[in-house]
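Trainee: I am new to this structure and would be grateful for a close look at a single part of it. Please begin with the pocket and then turn to whatever else deserves attention.

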Amino acid sequence: ANPNKIKRTPIDIETATVAKQHKADRERIRRLLITLGDDNKKVVGQIRGLAGALEDDVELHGELMADTVMDCAKHIPLKTGIYAAWVARMAEKHKKWVCL
């Protein structure tokens, strides 16, 4: 044991755990959005599924979602229509988010 090592309090441990989970959530959301529409045969189901999967993340990660979908539409022009359809699907329940 290192006597000079700073002992972490339960609050420090909890804060680190929350930060780690937040980072993992952000990476998951980005990955899901970037890969949306990669399987052409299942695009409609993917759009529905992703809208449902991310609807609880809008409040906490809405800005990340908006930025990511805009970057994807800009840099992956072949999937712009897919991203537009996903945004339209999200607008059904999250009108304020779509207006960001």
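**The largest pocket and beyond**

Mentor: By class, 10 nonpolar residues and 1 polar residue line the largest pocket, with no charged residues among them. Please bear in mind that the model is a predicted one. The volume of this largest pocket is about 170 Å³. Its lining comprises 11 residues, of which Ala66, Val69, Met70, Val87 and Val98 are the closest to the centre. Two or more lining residues come from each of helix H3 (58–75), helix H4 (80–91) and helix H5 (95–98).

The cysteines may be considered next. Cys72 has a relative accessible area of 4% and is therefore buried, as this value is under 20%. Cys99, by contrast, is exposed, because its relative accessible area of 67% is over 50%. A search of the whole structure for disulfides finds 0. A disulfide is a covalent bond that joins the sulfur atoms of two cysteines.

Finally, consider Gln46, which belongs to helix H2 (residues 43–54). Its relative accessibility is 24%, so Gln46 counts as partly exposed. Leaving aside residues up to four places away in sequence, Gln46 touches Thr35, Leu36, Gly37, Asp38 and Asp39. With Gly37 there is a further detail: a polar atom of the Gln46 side chain lies 2.7 Å from the backbone nitrogen of Gly37. In the other direction along the chain, Ile82 is 36 residues apart from Gln46, and the C-alpha atoms of the two are separated by 9.7 Å.

Definitions and conventions:
Residues are numbered from 1 along each chain as its sequence is written. This is a predicted model: local features need pLDDT of at least 70, side-chain atom pairs count only at pLDDT 80 or more; totals for chains, interfaces and linings use all residues. Side-chain values use heavy atoms; hydrogens and water are left out. On a 1 Å grid over the protein atoms alone, a cavity is a set of points where a 1.4 Å probe fits but cannot get out, and a pocket is an open set with protein on both sides within 12 Å along at least five of seven lines; lining residues have an atom within 4 Å of a point. Grid points are joined across faces, edges and corners, and a volume is the space filled by probe spheres set on the points. Helices (H or I, at least four residues) and strands (E, at least two) are DSSP runs, numbered from the N terminus. Ala, Val, Leu, Ile, Met, Phe, Trp, Tyr, Cys and Pro count as nonpolar, Asp, Glu, Lys and Arg as charged, and the others, Gly among them, as polar. A disulfide is a pair of cysteine sulfur atoms within 2.5 Å. Buried means under 20% relative accessible area, exposed over 50%, partly exposed in between (1.4 Å probe, protein chains only). Contact means heavy atoms within 4.5 Å. A polar contact is a pair of N or O atoms within 3.5 Å; within protein, one must be able to donate a hydrogen and the other to accept it, and residues adjacent in sequence count only if both atoms are side-chain atoms.
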